[in-house]
Amino acid sequence: MSGSLTYLLVDGENIDATLGMSILGRRPQPQERPRWDRLLRFAEDVWDQPVQGLFFLAVDTDLPMPFVQALTSIGYRPIPLTGTPDQKVVDIAIQRTLEEIERRENDVMLASNDGDFVPQVEALVSGRRRVAVLGFEEFRNSRFNALVSRGLECFDLEHDVDAFTVPLPRIKVIPIDEFDPRDIL
């Protein structure tokens, strides 16, 4: 059914923007950012196979070398991209990469909440491979939900992946069986 390798595609720009604008309402502090190595470990553990992490980032002229080196040291392949101001270079590159993965037998996890990838993810959900989206469940594009019945797996970066070292100030629906008043007092 699936390949022997998982590609983990990270739309760091989308995750960072969602975290900053929608969850925190400000620029995240270093301790509030995801621990990207935890995504790699999660992907490897949940499907019990090797992972190739591809971290897509938009750059102007200068590479953010400390960040690129940090990504490389934890096992990602940084994909720095540039283009014209009207191009969403990270989205374009991830869409092209998802389309190429469709031609292969590999599994894929996409770390993004962005609905721009729904057509490519839909094409991948075919039964031949495992496909997952990692993001913030309350901000994940709702069009991904229609793909769950076809096999798409959805994971929350904070609650499932445990990508953060501090709790985020998120508001979510709490099943009554999980409600503990100590969490709010």
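Predicted model: local features only at pLDDT ≥ 70, side-chain atom pairs only at ≥ 80, totals over all residues.
**Exercise 1. Find out which residues have the most contacts inside the largest nonpolar core, and which element supplies the largest share of it.**

Step 1: Start with the core itself. It has 29 residues, and those with the most contacts inside it are Leu39, Tyr76 and Met109.

Step 2: Now look at who contributes. Strand 1 (6-11), helix 1 (12-24), helix 2, strand 2, strand 4 (107-111) and strand 5 (131-135) each bring at least two residues to this core. Helix 2 gives the largest share, with six residues.

Step 3: Zoom in on methionine 109. If you skip its neighbours within four places in sequence, its contacts include Leu8, Phe42, Val46, Trp47, Leu134 and Phe155.

**Exercise 2. Decide whether threonine 18 is buried or exposed, and work out what its side chain is close to.**

Step 1: Locate threonine 18: you'll see it in helix 1.

Step 2: Check the accessibility. Threonine 18 counts as buried because its relative accessibility is 8%, and the cut-off for buried is under 20%.

Step 3: Look for a polar partner. A polar atom of the threonine 18 side chain lies 2.9 Å from the backbone oxygen of asparagine 14.

Step 4: List the contacts, leaving out neighbours within four places in sequence. That gives you Ile23, Asn113, Phe136 and Phe139.

**Exercise 3. Describe the backbone angle phi at aspartate 48 and aspartate 162, and say how exposed each residue is.**

Step 1: Take aspartate 48. Its phi is positive, about 50°, although it isn't a glycine. You'll spot aspartate 48 in the loop between helix 2 (36-47) and strand 2 (51-58). With 68% relative accessibility, aspartate 48 counts as exposed.

Step 2: Move on to aspartate 162, in the segment after strand 6 (153-156). Here phi is also positive, near 60°. Aspartate 162 has 44% relative accessibility, so it counts as partly exposed.

**Exercise 4. Name the residues that make the nonpolar surface patch of about 590 Å², then check one of them for exposure.**

Step 1: Pick out the members: Ile174, Ile176, Phe179, Ile184 and Leu185 make this patch.

Step 2: Compare its accessibility with the cut-off. Isoleucine 184 counts as exposed because its relative accessibility is 59%, and exposed means over 50%.

Technical notes:
Residues numbered from 1 in each chain as written. Heavy atoms only, no water. Helix = DSSP H or I, 4+ residues; strand = E, 2+ residues; numbered from the N terminus. Buried < 20%, exposed > 50% of the residue type's maximum accessible area, 1.4 Å probe, protein only. Patch = residues over 30% accessible without salt bridge, like charges linked within 9 Å, V, L, I, M, F, W, Y side chains within 5 Å. Areas by Shrake-Rupley, 256 points an atom, 1.4 Å probe, with all protein chains shown as cover. Salt bridge = Lys/Arg side-chain N within 4 Å of Asp/Glu carboxyl O. Core = buried A, V, L, I, M, F, W, Y, C linked by side-chain atoms within 4.5 Å. Contact = heavy atoms within 4.5 Å. Polar contact = N/O pair within 3.5 Å; in protein donor to acceptor, adjacent residues only side chain to side chain.
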